[in-house]
Amino acid sequence: MTSQHTTEDHGLLRFLTCGSVDDGKSTLIGRLLFDTKAILVDTLTNLERTSQRRGLSSVDLSLLTDGLQAEREQGITIDVAYRYFSTGTRKYIIADAPGHEQYTRNMVTAASTADLAIILVDARRGILTQTRRHAKVCQLMGIPQVVVAINKMDLVNYDPQVFAKLQEEFADVAATIGLESVRYVPMSALEGDMIVDRGDAMRWYEGPTLLEILESAGTSHSETPTHHEVFRMPVQLVCRPQDSANPELHDYRGFMGRISSGMVRPGDEVVALPSGQRSTVTHVEIGGVDLNEGVAEQSVTIRLADEIDISRGDMLAHPDTAPQVVKEAQAMVCWLSETPLDRARTYALRQTTRTVKTKIADIPFRLDINTLAEDATPAQLQMNDIARINLRLAQPICCDAYAQNRGTGAFILIDEATNNTVGAGMLL
Amino acid sequence: MTQTVPTLSHLDWLEAEAIQIMREVAGQCERPALLFSGGKDSICMLRIAEKAFRPAKFPFPLVHIDTGHNYPEVIDFRDRRAAELGERLVVRSLEDSMKRGTIVLKSPDESRNRHQSVTLLETIAEFEFDCLIGGARRDEEKARAKERIFSFRDDFGQWDPKNQRPELWDLYNARVHKGEHMRAFPISNWTELDVWQYIEREKLELPSIYFAHTRPIVRRGNGIVPITDLTPAKAGEEIIDLQVRFRTVGDISCTAPVESDADNIEKIIAETAGTTISERGATRLDDQASEAAMEQRKKEGYF
């Protein structure tokens, strides 16, 4: 038996930065990488050269995050980029999404895997339409923790009253939207104040620095109580090595998958969905080694006492807290494709490991992400639109509301002609 | 909170994600293959595949595109490891493409690295592979930082960075039409340090050239060039014996070692954690050409 859990290693935190180039987002990311020494000498040398070539006097940390040739030509970020740094106790994955209005889909993409979001606010410009939009997307995407970074404090003389006023204004926005657990930090990404180092300019601020918040933040949705208590494992593959030379393996059947929430131990009773058949867990394994338990986000193989029919796309759960099995569903969807949603067509819906055909029965409203107004029964959905939809499904899915369980409440829509991913959905 | 919930360590989390990705390939694709070069990243990939699929066999063969310019220690290791695992290894070589005339070198000593794409695409066509699993990491290079975990390639094997499929949550879309294929990168989210820490934790064996050893080299520009039949010293250069190790292994003509006395994993981890030069910056002679070098090669079908 092995236990893989450690106390010194505080795991991995995925976070998202929301803001535009003007808010100093790239500078903030550059600062985090620079002050945690994740930037290496040759990258820095490269940066200096590029900065000089473009006539920038000092090293422009924002150049670190501008990746693609196409983007450099236009001087904007067109896609989600992932960056990495580590503090020794915790590893971080930054999803860097552009803040422009036309790229809501990129922010939705980056938000889908984030445990925490940093919303950047320019201290001089205050809470903008863009800030509200970012806050709403964070709420829709169910990001458990939000940090509002009031940046460019150096340009408002590090005035505590500016910070207090913006904090109050954002709290109103958060209350309207229904965004919970919001924290606030005043900072200057350019000068490096209150990000990794406290600096000397804001002695009036007694709260944690941005990095201190990140170091103590909950990982992997561990803040949601249901997440620990409610076991769900979508089955990815069934392992039947019956052609093996080893006779002991002739009857081996393992159900392979990644636990999306909760915990499972040998001896637990489980139900297989949608069939509803029950059995008892005999083994929780990884690579043929027995584990005492399997926990959320772990990829395991589960063996059962009885031979019941389970295949890819099915789900294992505890019988008392099993998810619902439905053939009709309501959801919020973000349309990702340049081709508008066509209600006459059939799409493939993938949720957990299950793929079913679906039709969009109804579009009750489209959400104006800037004003939060609901535009009733829109004729079409275009790229970057967010809307309520009603779905009819050809086969049942086993699911939870997204707000309860991101792993079993999320789905994508696939255009079966092009094979493109065209929609991202959150079940209600 | 009512109880303490165990948090997966960062290596456990990365491993769990990588296993899930490999199993998705197996679940969604008809004819996948795993690229295995004998390099440290692909050695980690084999361990992940064991954890993902054992006690069954891997649901894919191992594939190596051999430039013919690899260090013999690495090739020996590749063959031995595949045999130990009892898995099928497919090797296709650049020499065959050259004989067919599909690869034409401008000069005999030209780096063969970028020509690998041709043989790779020919191999994909030969076996009708619909997904290749590779060990590329997003921390290696700027273009890779924006590539999807499941990355779509058209029927010319090209990557279009401006037209990538959205990738949300852990819902991967590996659907392709005939002739197109996917590349899947299970260790996208790993850094060089994560790889070394995983090698240590899993006690993975590596080819000997990853560890400090004495080798004849010349100093050329700011770099170290190992002296081999393919990379002889130029007139006037002084050959010296130096204690070096390789951080990455690839085509001899474009892979350089770094000066190091790290002769075991612990020392390598200490060096990597404290290093000041990025992996590719130190050791890939071909990436320095232009800022956009990698993006360009990926568009052409490189992995």
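# Briefing: loops, strand pairs and rings in a predicted model

A:N384 sits in the loop between β20 and β21 (386-399) of chain A; helices (H or I, at least four residues) and strands (E, at least two) are DSSP runs, numbered from the N terminus. This is a predicted model, in which local features need pLDDT of at least 70, side-chain atom pairs count only at pLDDT 80 or more, and totals for chains, interfaces and linings use all residues. Residues are numbered from 1 along each chain as its sequence is written, chains are lettered from A and ligands numbered from 1 in the order in which they are written, and side-chain values use heavy atoms, with hydrogens and water left out.

**A:N384 and its surroundings**

- A:N384 counts as buried, at 15% relative accessibility. Buried means under 20% relative accessible area, exposed over 50%, and partly exposed in between (1.4 Å probe, protein chains only).
- The A:N384 side chain reaches the backbone nitrogen of A:R105 at 2.9 Å. A polar contact is a pair of N or O atoms within 3.5 Å; within protein, one must be able to donate a hydrogen and the other to accept it, and residues adjacent in sequence count only if both atoms are side-chain atoms.
- C-alpha to C-alpha, A:N384 and A:V108 are 9.2 Å apart, with 276 residues of sequence separation.

**Backbone exceptions**

- Most residues other than glycine have a negative phi, and most peptide bonds are trans.
- The bond from A:L273 to A:P274 is cis, with omega near 10°. A:P274 is in the loop between β11 (269-273) and β12 (277-286) of chain A.
- B:R54 and B:P55 are also joined by a cis peptide bond, with omega about 15°. B:P55 lies between α2 (40-53) and β2 (62-66) of chain B, in a loop.
- A:K152 has a positive phi, near 65°. This residue is in the loop between β5 (145-151) and α6 (160-177) of chain A, and is buried at 17% relative accessible area.
- A:L372 has a positive phi near 65°. Its loop runs between β19 (354-367) and β20 (374-376) of chain A; A:L372 is partly exposed, at 28%.

**Strand β12(A) and its partners**

- β12(A) runs antiparallel to β11(A), joined by four bridges. Two strands pair if DSSP finds at least two bridges between them.
- A:A272 stands opposite A:Q277 in β12(A). The two strands form a hairpin with three residues between them, and A:G276 in the turn has a positive phi of about 85°.
- β12(A) also pairs with β15 (residues 299-304) of chain A, antiparallel, over four bridges. There A:V281 has A:L304 as its bridge partner.
- Two bridges pair β12(A) with β13 (residues 289-290) of chain A, again antiparallel. This hairpin has two residues between its strands, and A:G287 in the turn has a positive phi of about 55°.

**Aromatic rings**

- The whole structure holds 16 aromatic pairs over all chains. Rings of Phe, Tyr and Trp (its six-membered ring) pair if their centres lie within 6.5 Å; planes under 30 degrees apart count as stacked, over 60 as edge-to-face and the rest as tilted.
- The ring centres of A:F15 and A:Y92 are 6.1 Å apart and the planes lie at 75°, so this pair is edge-to-face. Both residues are buried.
- A:F163 and A:W204 make a tilted pair, 5.8 Å centre to centre with 45° between the planes. A:F163 is buried at 7%, while A:W204 is partly exposed at 30%.
- A:F15, A:F85 and A:Y92 form one aromatic cluster.
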